[in-house]
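User: Please take me through this protein in questions and answers, with the cut-offs behind each term.

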Amino acid sequence: MDLILEQGLPHQEKAVKAVCDVFKDVYIKKPSASYRNPVVDLTDATLVRNIHDIEAVNIRPEDRRNHPIGDCLTIDVKMETGTGKTYVYTKLMYELHRLYGFNKFIIIVPTLAIKAGTSQFLQDPYARRHFKEDCGYDTDLDALILSAQKKKKGKSYFPSVVSDFIKGSAQNRKKIYTLVMNMHLLSNSAKGMLARDDYGYGAMGFYRPFDGIAATKPVVIIDEAHRFARDQKSYQIITDEIKPQCIIRFGATFPEKTEGRGKKKQTFKDYENLVYDLNACKSFNMGLIKGVAKEHFEPINKREEKLKITSIENKETVHFKYTKDKEESKFFALKKGDALSVISDDLEGITITAISRSTVVFSNGVEKSTGEEMEVSAMMPSYQDQMMKLALQRHFEIERDNFTRRKNKIKTLALFFIDDVTSYRAGKDGKKPYLLESFERLLKEAMLSMKSKLGPDEREYRDYLDASLADLSACHAGYFAIDNSSSDEAIAQEVDVILHQKKQLISFKTEDGRWNTLRFLFSKWTLKEGWDNPNVFTICKLRSSGSEISKLQEVGRGLRLPVDEYGSRISNETFYLNYIVDFTERDFAQKLVDQINADVSFTSVISDEMVRAAAEARHMDPDDLFLDLLMKKYITRKYEIVGDNREAFFMEYPEFNVGVKLDKIKDRNKVKNPPVKIRKNVYGELKDLWEKVNKNYLLLYDKDLDRGLEDRVYDILEDSNNPIFAHVTLTSDRTLVGGRITGDEGTPLKTTNETGVQYTLSREVPYGEFLVHISRLTNLPVPTLHRSFQKYVKKHPQVDKTYFNVATIEKFRDAWNMWKMNHLSGHFRYVSAQSQSKQTALTDAAGNPLETIAQGRIGTYLEEGTPSEKYLYDVMAYDSPLELSNIKSGDIEEIVVYGKIPRRSIAIPTISGGTYSPDFMYIVKKKDGKKELHLIVETKDKKESDLTDDEKVKIRCAEIFFENLSREGYKVFFHRQMKSDKMKAIIDDVLLHG
């Protein structure tokens with residue numbers, strides 16, 4: 001499986017354009033030597049003017065900081081973790097080469113892990129293919145990875161990749177040379193690899209690597225800018241030794257700088273020419289990354305018990321201070337192997353496994369340093385077990401949804417951060433340590449529990465769980481720093497998969513067709529930077545990361561949007577990262593929100609335009625909305641936000657919030673919505689309707705549809721109005737800079753436009769696999785598909801194997817679903833299944849109404865107040881303003897009772913292969929009170945034109961389902977409600993025709 005990179009994502013294109021526009025119309029000198037970049041005239045006033053123009057559009061005033069440019073231009077690009085920084089600076093190199101001729105770049109990263117990820121991306125065939133085929137660059141990027149030299153006896157040799165970088169010729173217009181190195185290799189000591197001048201040979205006359213690199217006039221790209229403060233030695237080496245003409249810093253965060261003293265002391269982000277700011281707030285609100293749902297358990301006991309390491313004596317004895325409630329402190333001295341139960345019975349089973357000069361390692365995997373204080377409750381083995389159990393519960397909730405998606409499945413991963421490798425890795429005696437043993441026990445329990453909940457249509461997921469249960473050890477793997485020196489081949493393979501084989505990790509099948517069940521990862525916080533995986537949906541933090549790690553960095557390992565089984569990024573859905581912490585970090589969510597909003601310019605005044613927009617969305621009169629805000633004291637008559645009521649204001653009216661949206665960072669403990677009460681008297685009146693629509697139904701096609709099925713498939717292939725086989729063609733817009741690279745030093749480069757090139761895109765899939773994928777998505781037999789495609793190809797020989805690609809699979813699926821919607825009306829019916837269960841979302845196994853239902857089943861948001869007595873529930877939970885309007889419509893006289901249908905409770909089969917559950921159910925009566933009518937409503941808070949094909953198919957199937965039900969003698973009216981439709985008008989229409 002290849003990861004499919006997307007071309008033209010607006011947030012990435014804007015970043016690339018912002019940097020490129022800095023050099024627009026700037027005087028650029030041709031290179032004076034073949035190994036040198038074109039040289040930007042840093043004194044050109046156009047450069048400063050361009051930067052100011054870009055800042056005026058992209059950057060808030062308080063972040064605009066410009067210093068005299070001097071010998072090196074610094075450009076900053078801020079992009080939140082998970083939004084594609086590596087992709088952006090890779091594409092930026094192609095664009096700067098295309099527009100201005102630069103072909104010598106150096107990427108400098110802080111750690112080996114980040115270097116590994118960057119190198120893998122630059123060298124991976126799928127990325128190279130993307131930039132050539134999808135983006136239309138007729139240029140090769142030569143990634144030269146600089147590594148530390150292994151010590152050898154005798155003479156050392158000039159680093160070969162540095163030599164290749166220096167020798168790379170600017171006359172080769174179709175080559176970009178990129179040197180990738182980590183911070184450690186910048187060492188400027190006399191023995192440093194790049195600083196030495198005693199090599200036996202050099203490159204282009206340079207015998208000291210730093211001198212040769214500097215002579216190329218490179219453009220330096222710094223990744224993770226916050227790790228390269230300008231007063232650090234590594235940054236000074238970059239400016240003094242590499243001497244770049246331009247440094248482009250990329251990061252989610254930037255170093256801080258303090259100026260002034262006393263009351264005038266100010267601390268701010270050390271930006272320099274910040275031209276693009278995709279901060280965390282924008283990233284969350286625009287749906288470019290996952291939301292975060294934090295959760296913790298309260299302490300098992302309510303006593304305030306704390307344990308502090310006061311000192312360590314000769315690496316042998318650990319001195320503890322134990323404090324319980326307000327009792328006098330007690331002191332203990334323990335050695336390796338001693339049990340902590342001598343301090344507190346709650347620590348039964350925990351022993352000291354290792355002691356160093358400043359740290360202590362415990363048998364439950366926790367590692368603490370001298371001076372650290374621990375909550376006894378958080379240390380308890382039973383508490384850690386509860387955290388893992390919760391993480392597994394959340395994981396399997398998401399995994400089931402991701403696996404049983406109607407469209408392409410998503411491989412779901414979970415990440416566990418622990419303190420000590422010995423709590424996870426089995427010792428030489430083969431005995432499993434406590435943490436690993438507990439995890440596998442809890443994992444087995446969670447899988448068996450999930451299996452018991454599966455329905456008959458979830459056979460494939462059941463197979464996946466069976467394969468997992470057959471070998472629990474294959475389901476998890478770990479990466480720890482100590483693994484880098486391990487000689488164990490099995491460990492080395494685990495590390496390679498986690499760090500380098502991202503595509504393998506998110507694949508469901510191995511190369512030989514077996515289930516790939518690896519999806520639970522363990523690490524010692526080593527993955528804090530430079531590693532992420534788009535399909536991490538749960539992080540369980542069994543250890544403290546330390547105060548130096550920002551909250552955004554902590555969740556950053558799982559923020560990237562997921563990719564499906566074909567490698568396609570899914571950006572049109574809402575996903576959340578479950579983040580499990582212990583109770584000592586109960587305020588994690590609020591701290592994360594505060595950190596995100598720190599980059600936002602809050603306003604204390606709303607505008608009349610904001611009021612009008614909010615009123616339109618809520619179907620209100622703007623004056624009425626203004627009065628409502630005024631009466632609730634959210635604003636003053638001058639539109640000023642009342643500070644004390646800001647949080648309540650944004651909670652009730654999130655559209656006015658300029659910070660991170662309230663639903664993007666969830667604290668499950670704070671918004672742990674209490675169960676919603678089901679009103680039994682209301683249910684009693686809805687009972688008949690509910691039981692009728694809640695039966696299990698089968699969708700049966702007419703038998704005559706099987707005849708001629710092959711012809712129907714062929715007709716879809718031949719439909720010229722909706723071509724299935726169609727490559728996407730991209731045409732580049734080519735801008736030439738200067739023409740020939742030769743010429744006199746100082747001659748400015750000119751830009752001219754000429755016709756670009758065209759590239760045809762293909763994501764080829766082996767033919768057999770191609771047919772199987774279509775069969776799984778459409779339920780069409782593989783032989784039928786094969787004969788139809790073969791017939792088509794014979795008639796159209798221009799259709800070669802490259803047309804059998806992922807795009808064609810998806811286009812055929814959509815075309816088949818649309819064909820069914822347009823042609824199958826009257827050719828399928830719904831039949832009640834023989835086996836029926838009385839247990840539903842609203843009733844128990846005996847058919848009696850439940851006392852409560854989880855709020856999440858009926859609505860994401862809560863409105864204050866009590867709903868109409870006619871309403872099924874005692875609260876107003878909703879998912880859209882239109883739904884809230886419906887809930888508040890209980891004063892309509894003709895409504896007898898009504899209620900929101902719990903999410904995914906009514907499973908009406910659809911011809912597209914999934915199921916469908918509508919939104920509201922009503923019983924209404926005629927004005928004379930003699931007749932009651934049943935009404936089911938599908939609520940879509942959007943315009944008719946905005947409905948997707950899938951939504952249209954589901955609604956049409958629902959119409960046929962209820963028509964079928966009515967013909968069987970149980971009359972049910974079905975209506976769809978769009979954005980502008982009022983419930984009163986719908987009920988009037990039902991009464992008119994009832």
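User: In which sense do S12 and strand S24 (residues 576-581) pair, parallel or antiparallel?
Analyst: Strands here are DSSP runs (E, at least two residues), and helices are runs of H or I with at least four residues, both numbered from the N terminus. Two strands pair if DSSP finds at least two bridges between them. S12 and S24 are joined by six bridges, and within this pairing Val292 stands opposite Leu577. The sense is parallel.

User: What kind of model is this, and which atoms do side-chain values use?
Analyst: The model is predicted: local features need pLDDT of at least 70 and side-chain atom pairs count only at pLDDT 80 or more, whereas totals for chains, interfaces and linings use all residues.

User: In strand S25 (residues 665-667), which residue is the bridge partner of Lys294?
Analyst: S12 also runs parallel to S25, with three bridges between the two strands. Strands of a sheet pair through backbone hydrogen bonds, either parallel or antiparallel. The partner of Lys294 in S25 is Asp667.

User: How many of the six residues of strand S12 (residues 291-296) are buried?
Analyst: Buried means under 20% relative accessible area, exposed over 50%, and partly exposed in between (1.4 Å probe, protein chains only). In a regular strand the side chains alternate between the two faces of the sheet. In S12, Gly291, Ala293 and Glu295 are buried on one side, and Val292, Lys294 and His296 are buried on the other. The strand is therefore largely enclosed by the rest of the structure, and the number buried is six.

User: How many salt bridges does a search of the whole structure find?
Analyst: A salt bridge requires a side-chain nitrogen of Lys or Arg within 4 Å of a carboxyl oxygen of Asp or Glu. Under that criterion, the search gives 47.

User: How many residues apart in sequence are the parts tied together by Glu13 and Lys91?
Analyst: Glu13 and Lys91 form a salt bridge whose closest N and O atoms are 2.6 Å apart. Glu13 belongs to helix H1 (residues 10-22) and Lys91 to helix H3 (residues 85-100), so the pair ties together parts separated in sequence by 78 residues.

User: Is Lys91 buried or exposed?
Analyst: The two partners of this salt bridge can be judged by relative accessibility. Glu13 has 28% and counts as partly exposed. Lys91 has a relative accessible area of 4%, so this residue is buried.

User: What is the N to O distance in the salt bridge of Lys888 and Glu863?
Analyst: The side chains of Lys888 and Glu863 meet at an N to O distance of 3.0 Å. The pair links distant parts of the chain, 25 residues apart: Lys888 sits in the loop between helix H26 (881-887) and strand S34 (895-900), and Glu863 sits in strand S32 (residues 861-863). Lys888 is partly exposed at 46% relative accessibility, while Glu863 counts as buried at 14%. The distance asked for is 3.0 Å.

User: What is the relative accessible area of Ile955?
Analyst: Ile955 lies in helix H27 (residues 949-967). Contact means heavy atoms within 4.5 Å, and beyond its neighbours within four places in sequence Ile955 contacts Glu938, Leu947, Phe974 and Arg976. Its C-alpha atom is 8.3 Å from that of Tyr916, which is 39 residues away along the chain. Ile955 is buried, with a relative accessible area of 2%.

User: By what angle are neighbouring strands of the open sheet S16-S17-S18 turned against each other on average?
Analyst: The three strands of this open sheet pair in the antiparallel sense. Strand S16 (352-355) and strand S18 (367-369) are the edge strands, each pairing on one side only. Axes are lines fitted to C-alpha atoms, for helices over the stretch in contact, and angles run from 0 to 180 degrees between N-to-C directions. With direction ignored, the average turn is 25°.

User: Which residue in S17 is the bridge partner of Ala354?
Analyst: S16 and strand S17 (residues 359-362) are joined by three bridges in the antiparallel sense. In S17, the partner of Ala354 is Val361.

Key: Residues numbered from 1 in each chain as written. Heavy atoms only, no water.
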